[in-house]
Amino acid sequence: MQLKNDLFLRAALGQPTERTPVWLMRQAGRILPEYRAVRERLSGFKELVETPELAAEVTIQPVDLLDVDAAIIFSDILVVPEAMGCTYEMIEKRGPLFPNTIKTAADVENVRVADPHEHLNYVLEAIKVTKRELNGRVPLIGFAGAPWTIFAYMVEGSGSKTFSKARKMLYTEPELSHRLLQKITDTTIAYLKAQVAAGADLIQIFDSWAGILPPAHYQEFSYRYIDQICKALTEVPVTVFAKGAFFAMADFAQLDCQVIGLDWNMNIQEARQAIGENKTLQGNLDPCALYNSFEGVKQETRKMLDAFGPHRHIANLGHGVYPDTDPEKVKCFIQTVKEYSQR
Ligand code: CP3
């Protein structure tokens, strides 16, 4: 199916665009009252994730309501550990919890490399339904967590400021850590390939906990697995978003991917210099900039667009939009990108 709006795809591939494309990480859910209305009818977050028609509905909401240039499939990075045998609960207002964490060699042995068609078919179905209902309006982004970020949740058992249990394992059990990371990587590659086969037009890899590792550990326990995933995914453009990994920018230049996501701590010129001209950059407005006045949002957005320049940029925030952001400010951000970047 021919896309009616392929700005995002062209920008990812480094082709000319008439303006800068824009979308927001975590645009589905969180900020939209329309999402909460769907969510309140259900038993919980997982019912929404596991019901393809509903996942498709909330995936498309931001396309209708915010007029973004891409949709991202409504799911979670934690469906991967669940498919591998580590189930999670989503605790209201607190976040994810894994009742059984990975501690021992036997635990790692017991984790399976999941077959996406068997264990994650609900996501593949959601992608198919979404593609049909989007009817080519905008591209659909598929996604997964980076192996290190998934490892961090599987070992830690929940969100954490330090992820010290997960980081401890890298020091005390490096070989065991690699065995688990490889299983996660194998699952993720098969899963992302299945997402593409189901209709995902691009893929984003979220390494949300990249920034807590020292550079040498990042290289050994995260980067090399992301590299495997990028090499395996030859079918569609891939975005790597590694939050806090400013120290790895020169390495990212070597990845077989088309787009690098920047968080708001990263200096745009330095990142461009480290990464070179052969990749597109995505980001990186501070999510807190959207708490500003409308005039302030416009100013900050224009400053960001000036710093990236008109080529090989996909406008976004530097991380997911915060839940208490006024949707009107989000619209102001999107509108400003569209108007100011018009060429
Ligand atoms: O718009 C979208 O991007 C929707 C799809 C999406 C969700 N989670 C839905 C969700 C995506 C891409 C994610 C990714 C995700 N999930 C990441 C990586 C991105 C990032 O923010 O760093 C991470 C680390 C997770 C794990 C996770 N899921 C946490 C820590 C939490 C609780 C905090 C929170 O974000 O609310 C979730 C729950 C979650 N995932 C919600 C949504 C809409 C909120 C739950 C609800 O609606 O009840």
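I started at Ile 72 and looked up its bridge partner in E4, which is Ile 141. This is a predicted model, and I read every entry below as such.

I then took the two strands as a pair. E1 and strand E4 (residues 140-145) run parallel, joined over two bridges. Helix H11 (residues 174-198) packs on the sheet there, with contacts to E4 and to strand E5 (202-207). I noted about 170° between the direction of H11 and that of E4.

Next I traced the sheet as a whole. It is open and has seven strands, ordered E1-E4-E5-E6-E7-E8-E9, with parallel pairing. Strand E1 (71-72) and strand E9 (313-317) are the edges, each pairing on one side only.

I moved to helix H12 (residues 215-232). Its 18 residues reach 24 Å from first C-alpha to last, close to the expected 26 Å. I found a kink of about 40° in H12, centred on Tyr 223. Tyr 223 is also among the buried residues of H12, which include Tyr 218, Phe 221 and Ile 226. I checked what the buried residues of H12 pack against: helix H9 (147-156), helix H10 (164-172), H11, E5, strand E6 (238-242) and helix H13 (249-252).

Last, the chain. I listed 16 helices and nine strands. The radius of gyration is 19 Å, close to the 20 Å from the globule rule for 343 residues, so the chain is as compact as a globular protein of that length. The C-alpha trace spans about 60 × 45 × 40 Å along its principal axes. Buried residues are 50% of the 343. Of the contacts between residues at least 6 apart in sequence, 74% join residues at least 24 apart.

Key: Residues numbered from 1 in each chain as written. Predicted model: local features only at pLDDT ≥ 70, side-chain atom pairs only at ≥ 80, totals over all residues. Pairing = 2+ DSSP bridges. Helix = DSSP H or I, 4+ residues; strand = E, 2+ residues; numbered from the N terminus. Contact = placed C-beta atoms within 7 Å. Axes fitted to C-alpha atoms, helices over the stretch in contact; angles between N-to-C directions. Expected span 1.5 Å × (residues − 1). Bend = angle between axes of the 7 residues up to and from the residue. Buried ≥ 20, exposed ≤ 12 C-beta atoms within 10 Å, placed from the backbone. Rg over C-alpha atoms; globule rule 2.2 N^0.38 Å.
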